[in-house]
Amino acid sequence: MTSIASISLAELRGRRITLRRKRRLHTAQAIWRTLASAGLASGLVWGATQPIWVIRTPDQIAVEGNEMISDRGVKSLLSLSYPQSLLRIEPQVLTSRLTSNQSVIASATVTRQLIPPGLMVQVKERQPVAIAIGIPSPSSQLIASSGKEMPRMRSPVGLLDANGVLVPLDKYKALGASISLPSLKILGLRERELAKWPKIYQVLRQSPVKIFEIDWRNRGNIILKTELGIVHLGPYSSGFAEQLNVLHRLRALPTKLQSSQIAYIDLKNPESPALQMIQSDPTTNPKLPLKTPSVRSKQPQPPKAISR
């Protein structure tokens with residue numbers, strides 16, 4: 001009995017000693033892991049705040065995707081002060097600076113780069129499709145007594161993209177943009193009518209007839225300059241596409257009449273297109289052999305007062 005009791009007590013003492021050692025080892029490991037994690041975190045913070053992670057000059061900014069605007073122009077839109085710590089740079093803020101306030105940049109992405117320290121800027125520029133000339137000034141008024149004057153116009157305004165975003169031409173110049181001006185011109189397009197432009201431009205793109213100018217100064221009568229001559233459309237409506245379809249069917253017109261004899265093509269009613277002749281001579285105004293409604297000739301009329 002005595003030997004068995006003594007052996008049991010000895011085993012118990014050994015187990016206690018082993019458990020104490022394991023506890024001490026686990027405690028030491030936990031302390032070591034905590035110290036290692038804290039040291040690693042401190043090292044990362046320390047490393048990130050060192051001068052090596054600082055943008056000192058614009059040369060550390062790489063720009064991609066720009067074709068019209070120079071790299072220097074894109075970097076100027078970032079409005080960064082130097083030196084600048086990478087930790088203090090917010091890519092979303094820089095992206096907003098690049099694309100806000102009628103910017104020449106349609107979309108952008110800014111990412112930070114640690115090795116080597118710098119910024120990567122990817123941009124997509126707005127592609128101008130038309131020159132907007134003479135948007136009416138907000139203070140412009142027609143002279144009620146005569147009703148013949150057009151609204152007073154500002155100087156050439158800017159470039160219009162396919163989505164109806166109007167960018168002042170001065171912004172392109174300030175950024176050193178190298179662009180070829182579009183051949184299409186728009187006169188008198190008002191800001192409240194810019195929302196209609198995407199649909200209008202889609203129709204223009206699909207038109208086989210070349211259109212060089214859209215005169216929108218008189219909202220009651222849009223006038224086009226086309227390869228077939230001057231075209232009067234009346235006010236803009238959902239029938240705009242049909243009017244251009246009818247114009248396409250009149251492509252044979254130059255072979256029937258001399259352009260010097262035609263004042264303009266009247267498509268205010270596309271179901272009944274007409275010609276406004278410069279001189280009244282029935283022999284020079286035959287009906288066109290087209291599947292469209294017959295084209296009638298109008299006698300010259302005194303100019304009508306242009307209503308706003």
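**Exercise 1. Get the overall picture: what share of the 308 residues in the protein chain is buried, and how many helices and strands are there?**

Start with burial: in this predicted model, 36% of the 308 residues in the protein chain are buried. Next, count the elements: the chain has seven helices and 15 strands. Then look at contacts between residues at least 6 apart in sequence: 53% of them join residues at least 24 apart.

**Exercise 2. Work out how helix H5 packs on helix H6: what angle do they make, and which residues form the contact?**

- Step one: H5 covers residues 197-206 and H6 covers 240-249; they pack at about 20°, with axes 10 Å apart.
- Step two: angles under 35 degrees count as roughly parallel, so H5 is roughly parallel to H6.
- Step three: the crossing of H5 past H6 is right-handed.
- Step four: H5 brings Ile200, Val203 and Leu204 to the contact, while H6 brings Phe240, Ala241 and Leu244.
- Step five: sort those residues by type, and you get six nonpolar, no polar and no charged.

**Exercise 3. Now do the pair H2 and H3: at what angle do they pack, and how do the contact residues divide?**

- Step one: H2 (residues 71-78) and H3 (residues 91-99) pack at about 120°, and their axes sit 8 Å apart.
- Step two: H2 also passes H3 in a right-handed crossing.
- Step three: on the H2 side you'll find Val74, Leu77 and Leu78, which meet Leu94, Arg97 and Leu98 of H3.
- Step four: the tally for this contact is five nonpolar, no polar and one charged.

**Exercise 4. Find the largest nonpolar core: how many residues does it have, and which have the most contacts inside it?**

The largest core holds 35 residues, and Trp197, Leu204 and Ile265 have the most contacts inside it. To see where it draws from, go through the elements that each supply at least two residues: they include strand E6 (128-133), H5, strand E10 (211-215), H6 and strand E13 (262-266). Then zoom in on Trp197. Leaving out residues up to four places away in sequence, Trp197 touches Val129, Leu160, Leu184, Ile186, Leu204 and Ile214, among others. Finally, look elsewhere: another core, of 24 residues, lies apart from the largest one, and Val74, Val104, Ile105 and Leu175 are among its members.

**Exercise 5. Classify Ser79 and Leu166: is each buried or exposed?**

Buried means under 20% relative accessible area, and exposed means over 50%. Ser79 comes out at 53%, so Ser79 is exposed. Leu166, in strand E8 (residues 166-168), has 8% relative accessibility and therefore counts as buried.

Notes. Residues are numbered from 1 along each chain as its sequence is written. This is a predicted model: local features need pLDDT of at least 70, side-chain atom pairs count only at pLDDT 80 or more; totals for chains, interfaces and linings use all residues. Side-chain values use heavy atoms; hydrogens and water are left out. Axes are lines fitted to C-alpha atoms, for helices over the stretch in contact, and angles run from 0 to 180 degrees between N-to-C directions. Helices (H or I, at least four residues) and strands (E, at least two) are DSSP runs, numbered from the N terminus. Angles under 35 degrees count as roughly parallel, over 145 as roughly antiparallel, 65 to 115 as roughly perpendicular and the rest as oblique. A crossing is left-handed if the near helix is turned anticlockwise from the far one by less than a right angle, and right-handed if clockwise. Contact means heavy atoms within 4.5 Å. Ala, Val, Leu, Ile, Met, Phe, Trp, Tyr, Cys and Pro count as nonpolar, Asp, Glu, Lys and Arg as charged, and the others, Gly among them, as polar. A nonpolar core is a set of buried Ala, Val, Leu, Ile, Met, Phe, Trp, Tyr and Cys residues joined through side-chain atoms within 4.5 Å. Buried means under 20% relative accessible area, exposed over 50%, partly exposed in between (1.4 Å probe, protein chains only).
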